[in-house]
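Trainee: I have a structure open and would like to learn how to read it. Could you walk me through a few features?

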Amino acid sequence: MTDRRDFLKIAGVAGAGLVLGLRLDAKTRPGAAAAPEFAPNAFLAVRPDGTVRITVPKTEMGQGVRTALPLVVAEEMDLDWAKVEVINANPGPDFKSMQTGGSTSVSSTWGTLRKAGATAREMLKAAAAARWNVDLKSCRTEKGFVLGPGNQKLGYGALVEAAAKLPVPKDPSLKSPRDYRLLGKRTPRFDGPDIVTGKAIFGLDVRRPGQRFAAVLRSTVCTGRPMAWDAGKALEVPGVVDVVKVPTGIAVIATNTWAALKGRERLAADTTWELGSAQDFNSADLETFMREALTGPGEEARKQGDAEKALVAAAKVLEAEYSFPYQAHATVEPMNATVQIRPEGAEMWTGSQSPNKAQATAAAALGLKPEQVKVNVALIGGGFGRRLGTDFSTEAAQVAKAAGGGPIQVVWDREDDFRHDLHHPATLHRLRAGLDASGALTAWAHRIAGPSILHSWVGQKTPSQVLAEANGALDIPYAIPAIRVDYAEVAAPTPLGWWRGIEIVPNVFARECFFDEVAHAVGKDPLQLRLDLLGNQGLVKFGRDEADIRRLKKVLQVAAEKAGWGRKLPAGRGLGLACHAYDGRTYAAEVAEVSVEKGQLRIHKVTCAVDCGFVVNPAGLEAQVEGGIAFGLSALFTQITWEKGHTVQTGYQEFPLLRLGDMPEVETHVVQSAEAPSGIGEPPVPLAIPAVLNAVFAATGKRIRKVPVDLSAI
Amino acid sequence: MPSYQLTVNGRTRTVDAEADTPLLWILRDTLGLTGTKFGCGQGVCGSCTVHVDGKAQKSCQTSLKEAAGHSIVTIEGLSKDGSHPVQKAWITEDVAQCGYCQPGMIMSAAALLKRKAHPSDGDIDEAFADHVCRCGTYPRVRKAVKRAAGGVK
Ligand code: FES
Ligand code: FES
C-alpha cells in the first residue's frame, strides 16, 4: 500500500518538473512559470488552467497503470479525461512502496486513489459553494466543473486558490459505481499517442547533457571475476574515453553506445578470468539432482488427509513426471540505467519495478543516504518481474562513481540480458493420483523439485519458501479426500527471479495436465471431472490464501461454453482446458483449440474467461489477457540451459518467442463481479500451456509432459 | 573520423563516425532520434526498423557507410503529427502495451502497406516474422494493419 502518513496535505505552490526530463505528455509546457496549484495530496494537482496532473505511484511496463490508476482518480474527481496529464512518482516520503508486481497495481491502490480523488472533488465543491453562498449539498460536479443549484458553473481551475485554503475532509464520500462515467468503460492507453510517434521516453532513451555510454564486460559465469586485463586496444576505439573496474566487471566508457560495445569486445579478448565455483553448473547435472529430489525428503506445502496411505489403498495409481525449464524474461528493452552524481547527491533514470529499492541500493553503493538519490522512473520496455531486480541500476551507480560522476548510461546488449537475467528456475514434478475401484479420485500427491526463487532472492532459506515454490500446486481446487503437495529444494548457483506468472506457471502446467490424464484414465470428460470436483465448494483456505470456488467454477463454465466445449471437431483437432484461482483473487479459465498436422502444432484460438472483480478499464483487461496468453504460449518452445556455468542461449535466435504469425485468436469473456478489483497481469499466463497441451492430447492421443515441447514425439 | 551524408526525415545530415557504425546508433546517439529502438542488435527483433528509400530495414544491420547517400525515415518522420494512417489505426486499435517494440512494428506496417495496399494474413505474418513483441500485442497489430489497409499512399 502507498503509505498514508503524508497522504493528506496541502501543497500551495508547484514544484515544477517533478520528473524533469521524463515528462511524457505533450500537454505540459516545460519552462512554464510555477503557478499556484491545488494539490491536496501527493497524487494530484489542479492548475489554474483546469488541467490536472495525476501522479502514478506504480511503474508502467505495458500493463496499463498509467491509464488505469489515473482513471480511478479522474472518476472520483469527475474530471475531463482530456485535461488529465500523467506523471510518474519518484520514490521518497510520499511514495514509499512503489514496487510493481504480482498483479497488484490496481488492487493495492484502488482505495487510496479513490479517496485521493474524492477528497479533491469535495474541496473544490466546497470552494464553489462558498463562493456562490449556496448549500454544499445543492452542488454537484461534472467533467471538471462544479455546478450550482441555479445556472452557476465554475471550472476547477478557477477554484484552485480557494480550495487550497479549505480543510481537508477526513472521510469524503466515494462515488457509487452506478455513477461511474470513466471506470468500467474502454479507455485507450494514455501513452498511445507518444508511443506511435516515437516520443515516449524509455530508460534507454534518456539523454542528459554531456552523457556518456558504458558497456560492462562481465564474466559469463556468475561467480567469475576478471584477473588481468589490458585496456589498451579498447581505448584505441574512437569514442572510447575510459575503462574502469567495477564490482560486476570492467566498464568501457564511450561517447556513444556503439563505441562502448566495440571497445568491450576488444577488452574481452584481452581479459583473463577466474571463473569460480559456478563454472561446473550444467543443466544435465541439475536434472539428475532434481530427479533424485523427486523421491527424497520434502517440505510439506499442503496436507489434507493421508495421501500416502490413500495411495497404498488405491485400486489404481497413476504416476507421471512433468518437466519445466529455466526461462528468461527477454524484455525487448535490455536492462539499462543512467546515473549522474553531483556534489549534493545523485540522480538516476531507469525503468524499475522496485524504485524504492533501486534508490536504497544505489545510495548504499554510492555511500549516500537514500533521500540523496533521486530516482526518475522511466517507461519500461517490458518488465515481467525482471526489473524487480536492482542489479542493473546499482551497477550503473557503481559505473558512474568509478567514471567520475557521469551522467552515464549503462547499456546491456541482448547477450548480457540473456546471460545475466535473474532467470526463472527449472522444476521437475512428480504427480501421483489414487483411484478407487469405481474410478473416483481418492488421493493426489504432487512433489516439486527445483531451485528456490525466494531463497535466491532473499539470500537465505525462509519459512514461507515452501508456500512460494508450491504456489499453484498447493491450491489445487478440486475436492479430493487426500492431498499432499510438497517441495524439495535443489541448490543451484545462479541468481533467480520471478517472471510473469511466477511459480504458478510450471506448477499449474503440471497440475492441470496431470488432472487431464486422470480424467482420460477414468473415461471422464475433463470438463465434467473438473466441475464434479469443484463441486459445491464455497470459500476454501489454501496456505495463505482463500479462494471462492464458486467463482472458479463459473469462469470454467463460461470459457467452456463460449469455446463450444464438446462440439465435434475434425480429425487432428482438439480442445483442451485449464483453470486456476490465482492467489485466491482472480479466477480464470482457458480453452485452447489446436491442430497437429505433419508434426506442426497450430494454436487456432484461446478462449479465456476471467473474474477479477470490478474491471477498471475493459480495454486494458483484454490487452492483458492477450499479452498473458502470448507470454504463456511463448514458453511452450523457449528454455535457458546451462553449460559450464553459463547460458547456452544468448539471443532471440535461440529463444524462439512467439511471433505474430503464431499468435492464436484470443477471445476474452469477463464474468461480471461486484468484488473490488483484484489483478489481471499474471492470471492468464499459467493456463496457456496446460490448455494447449491438453488440447494436443485431445487431438492426437499423445501426452506431452515436458517443456519445451518436442513435437517430433507426435 | 570519416564524414558521411544521409537524409534523415527529409533533412540532410552530415555525421562524423566510423564507417561500420550501425545506423541505429547514429540515429539514437548522434542525431538524438531515440524513437528507433535497440532490442537485440542481432537483426532478429525488428525494434530498430526504419525506412531506407521507402523500404523497411533493420537499422542495427545497416552500417553508416551503407546508409550514406540514402533517404532514411524514422518513426519521428513518419508523419508530422501522428496522422499517418498506420499511426491512426494503431491508436484506434489501442495496440501498444509497453510500447517499446511498437515504432519498429509501425515502420514495418507502413512499408508493407506501401508496397501492398491490401495485404493478406499471410503477407502480414511474413512482414512481421522478424518482429518480437514480448507483451503480445500481435492480435491488435494484425487488426491495425487491416484497418490502415488501403490508406497508405
Ligand atoms: S535491434 Fe535490430 S533487429 Fe533487434
Ligand atoms: S508492446 Fe511491449 S514489447 Fe511490444
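**Reading a helix and its cysteines**

Mentor: Happy to! Keep in mind that this is a predicted model. Let's begin where a helix begins: at the start of α7(A), a side-chain oxygen of A:Asn282 comes to within 3.1 Å of the backbone nitrogen of A:Ala284.

Trainee: Which residues of helix α7 of chain A are buried?

Mentor: First, the general idea: an α-helix has 3.6 residues a turn, so residues three or four places apart point the same way. In helix α7 of chain A, residues 283–293, the buried ones are A:Leu286, A:Met290 and A:Ala293. Viewed down the axis of α7(A), these buried residues fall within an arc of 55 degrees, so they line one face of the helix.

Trainee: And which residues are exposed on the other side of α7(A)?

Mentor: There you will find A:Ala284 and A:Glu292 exposed.

Trainee: What do the buried residues of α7(A) pack against?

Mentor: They pack against three strands of chain A: β20 (427–435), β21 (441–450) and β22 (482–489).

Trainee: Now the cysteines. How many disulfides does the structure hold?

Mentor: In general, a disulfide is a covalent bond between the sulfur atoms of two cysteines. Over all chains, this structure holds zero.

Trainee: Is A:Cys612 buried or exposed?

Mentor: A:Cys612 counts as buried, because its relative accessibility is 5%. B:Cys40 is buried too, with a relative accessible area of 4%.

Technical notes:
Residues are numbered from 1 along each chain as its sequence is written. Chains are lettered from A and ligands numbered from 1 in the order in which they are written. This is a predicted model: local features need pLDDT of at least 70, side-chain atom pairs count only at pLDDT 80 or more; totals for chains, interfaces and linings use all residues. Side-chain values use heavy atoms; hydrogens and water are left out. Buried means under 20% relative accessible area, exposed over 50%, partly exposed in between (1.4 Å probe, protein chains only). Helices (H or I, at least four residues) and strands (E, at least two) are DSSP runs, numbered from the N terminus. The arc is that of the directions from the helix axis to the C-beta atoms. Contact means heavy atoms within 4.5 Å. A polar contact is a pair of N or O atoms within 3.5 Å; within protein, one must be able to donate a hydrogen and the other to accept it, and residues adjacent in sequence count only if both atoms are side-chain atoms. A disulfide is a pair of cysteine sulfur atoms within 2.5 Å.
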